[in-house]
Each structure stands twice: as C-alpha cells, then as structure tokens.
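The sequence and structure come first.

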Amino acid sequence: MTITKLKAKNQLTIPSAIVRRLRLKPQELFAIDIEDNFIKLIPVKMEPRYTAEELRAVDNIVSKEKGRAKVLSPGKDFSGYIKKIAG
C-alpha cells in the first residue's frame, strides 16, 4: 500500500506502479464512487459523439454557412441537417 497526500486543489497522485499496471494514460477519465469507507476510482472509456466524417461535415457547414445565420436546434434537427449536407 502506498500513501499519497490530498493537495490544495483536491488532487491526488496515483502511484506509478498502479498507472503502469492499469496502463493508464494522461487525461484518463474516472468514475468516482464511495463504497463503505472507501473511495473507488474506475477508469472509463468515452466514445466520441460524432465520427470523423461527421466532424468534417460540420467544418464544411461552418465554412459554407458562416454569416448566413441558419438556426438549428440540437439533436435530431442538427443530425438530419448534417446528413443532408454530407449526403
């Protein structure tokens, strides 16, 4: 067991042996929970919301529509518009 100190900005250092064993990378995300009297850190993987192709389509839309003030609501309207433009 390794002892670590809680820093002024509520930060902890994860010992390098644990980082290596779990193959953690910088900017890794964690779910944090309390179980009994223990703090539980669970590494999580986040899937990108949009594909690279969809993001390129957004960039193209921004370039084409800049200054035209087309208003779309988030979600279904936006996704439909991207598919129509990228189509």
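## Helix axes and crossing

An axis here is a line fitted to C-alpha atoms, for helices over the stretch in contact, and angles run from 0 to 180 degrees between N-to-C directions. The model is predicted. In this model the axes of H2 and H3 come within 10 Å and cross at roughly 85 degrees. Angles of 65 to 115 degrees count as roughly perpendicular, so H2 is roughly perpendicular to H3.

The contact between the two helices involves Glu54, Ala57, Val58, Ile61 and Glu65 on the H2 side, and these meet Phe78, Tyr81, Ile82, Ile85 and Ala86 of H3.

## Helix H2

H2 has 14 residues, and the distance from its first C-alpha to its last is 20 Å, close to the 20 Å expected at 1.5 Å a residue. Just after H2, Gly67 has a positive phi of about 90 degrees.

Ala57, Ile61 and Glu65 are the buried residues of H2. Around the axis they cover an arc of only 50 degrees, so they lie on the same side of H2. Helix H3, spanning 76-86, is included in what covers these buried residues. Arg56, Asp59 and Ser63 are exposed, on the other side of H2.

## Salt bridge between Glu28 and Lys45

Side chains of opposite charge can pair when their charged atoms come close. The structure holds two salt bridges. One of them joins Glu28 and Lys45, with the closest N and O atoms 3.6 Å apart. Glu28 lies in the loop between helix H1 (16-21) and strand S1 (29-35), while Lys45 lies in the loop between strand S2 (38-44) and helix H2 (52-65), so this pair ties together parts that are 17 residues apart in sequence.

The accessibility of the two partners can be given separately. Glu28 counts as buried because its relative accessibility is 18%, and buried means under 20%. Lys45 has a relative accessible area of 69% and is therefore exposed.

## Salt bridge between Lys40 and Glu35

Lys40 forms a salt bridge with Glu35, and here the closest N and O atoms are 2.7 Å apart. Lys40 is partly exposed at 29% relative accessibility. Glu35, with a relative accessible area of 44%, is also partly exposed.

Notes
Residues numbered from 1 in each chain as written. Predicted model: local features only at pLDDT ≥ 70, side-chain atom pairs only at ≥ 80, totals over all residues. Heavy atoms only, no water. Salt bridge = Lys/Arg side-chain N within 4 Å of Asp/Glu carboxyl O. Helix = DSSP H or I, 4+ residues; strand = E, 2+ residues; numbered from the N terminus. Buried < 20%, exposed > 50% of the residue type's maximum accessible area, 1.4 Å probe, protein only. Expected span 1.5 Å × (residues − 1). Arc of directions from axis to C-beta. Contact = heavy atoms within 4.5 Å. Parallel < 35°, antiparallel > 145°, perpendicular 65-115°, else oblique.
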